[in-house]
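Here is a short briefing on one protein model. Please keep the sequence and the 3D view open while reading.

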Amino acid sequence: MNSPALRTGLVILLAIAAIALYSSIFIVQQTQYALVLRFGAVQSALREPGPYFKVPLIDTVTYFDKRVLDLDLPVQTILSADRQNLEVDAFTRYRIVDPLKFYQAVGSLELARQRLASFTNSVMRNVLASASRDAIVRTERSELMQRIQEDVNRQAQNLGIEMIDVRLTRVDLPAANSQAVYQRMRTEREREAADLRANGQQLAQTIRAKAEREATVIRAEANRRAEELRGQGDADRNRILAEAFGQDPDFFAFYRSLQAYETGLKSGETRLVLSPNSDFFRYFNDPSGRSNGAQAPARPAQPAPAQ
């Protein structure tokens, strides 16, 4: 009778021991910090991963993420140094570097996010209020974000947090001002475009007038040169004709008559009323060119001037 009761007692003791052993072991992951708390007081802060022991039913374990975390800030309106209202959208990246200080300062991640948002918004207002709109939007944006990160990081160190990055994702004018600014920019661009077109038209007219003047000069010079060459050609032709006439007057008279036949007897509407015995047809009546029974060949007129 004692033997079954003993076995039952041993089983119960073993079960209790197993439960106690299971509840006293906990594991810290590579991405975690752990704090062992006893009645709210911190007993140990664990940074390295691995299995650890705690007192069952007395100690509790709180875990914190050691990875980089992000915080998306709400859009806020900021007044720049040149009195321009700007809508700024930003986000931050941070990580917990001291779990004990973090727990003592804020206790939870939700409260830490609220404190960080408050720090960042305050610092952002102070830094951006000292810069102009153009500096915030274009020229000094990187330097301003670096200043914001450094100022927020100094305050976040009291929470056991390190700021990794602060970024301004969007900086815009309020919707009420955007249309007016857009219209002013459009007017300025239209004025610049009109100035460029006017300057281009003036330059085009200048170039066109210069080109026309040069073309007139070139044409005048070409006409003058052409007249000179034409006069020289006519002189050479008359000289050659005179030389040919002096060498054989009869052949020259015959040649000139053939040219007259070719010109005067072309097909067309022109009509000639001449006698067959006229001097014009003397080579038709007599191959030697004698007209109307004359004894000597007719002397042709001197060569006509060039047409």
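The model is predicted. Its largest nonpolar core has 38 residues. That core lies between domain 1 (12–64) and domain 2 (67–173), because both give residues to it.

**Nonpolar cores**

- Within the largest core, V88, M124, L128, I148, I161, M163 and L168 touch the most other members.
- Several strands give two or more residues each: β2 (32–38), β6 (69–72), β8 (85–96) and β9 (161–172).
- Helices α3 (109–128), α4 (133–139) and α5 (141–156) also give two or more residues each.
- Helix α3 supplies the largest share, 8 residues.
- Another core, of 5 residues, lies apart from the largest one. Among its members are F26, V28, A34 and V36.

**L168 and its contacts**

- L168 is one of the core residues that touch the most other members.
- Neighbours within four places in sequence are left aside here. L168 is then in contact with V88, D89, A90, M124, L128, R141 and M145.
- Of these partners, V88, M124 and L128 are also named among the core residues that touch the most other members.

**N153 in helix α5**

- N153 sits in helix α5.
- Is N153 buried or exposed? Its relative accessibility is 19%. The cut-off for buried is under 20%, so N153 counts as buried.
- With neighbours within four places in sequence left aside, N153 is in contact with I161, E162 and M163.
- Two of these partners, I161 and M163, are listed with the core residues that touch the most other members.

**The three-stranded sheet**

- An open sheet is formed by 3 strands, in the order β3-β2-β5. The pairing is antiparallel.
- Strands β3 (41–46) and β5 (59–65) are the edges, and each pairs on one side only.
- From one strand to the next, the twist averages 25 degrees.
- How many bridges join β2 and β5? These two strands pair over 7 bridges, in the antiparallel sense.
- Y33 has F64, in β5, as its bridge partner.

**Helix α7**

- Helix α7 covers residues 249–264, which is 16 residues.
- At 1.5 Å a residue, α7 should span 22 Å. Its end C-alpha atoms are 22 Å apart, so the two values agree.
- The buried residues of α7 are F252, A253, S257 and Y261.

Terms used. Residues are numbered from 1 along each chain as its sequence is written. This is a predicted model: local features need pLDDT of at least 70, side-chain atom pairs count only at pLDDT 80 or more; totals for chains, interfaces and linings use all residues. Side-chain values use heavy atoms; hydrogens and water are left out. A nonpolar core is a set of buried Ala, Val, Leu, Ile, Met, Phe, Trp, Tyr and Cys residues joined through side-chain atoms within 4.5 Å. Buried means under 20% relative accessible area, exposed over 50%, partly exposed in between (1.4 Å probe, protein chains only). Helices (H or I, at least four residues) and strands (E, at least two) are DSSP runs, numbered from the N terminus. Domain bounds come from an automatic or database domain assignment. Contact means heavy atoms within 4.5 Å. Two strands pair if DSSP finds at least two bridges between them. Axes are lines fitted to C-alpha atoms, for helices over the stretch in contact, and angles run from 0 to 180 degrees between N-to-C directions. The expected span of a helix is 1.5 Å times one less than its number of residues.
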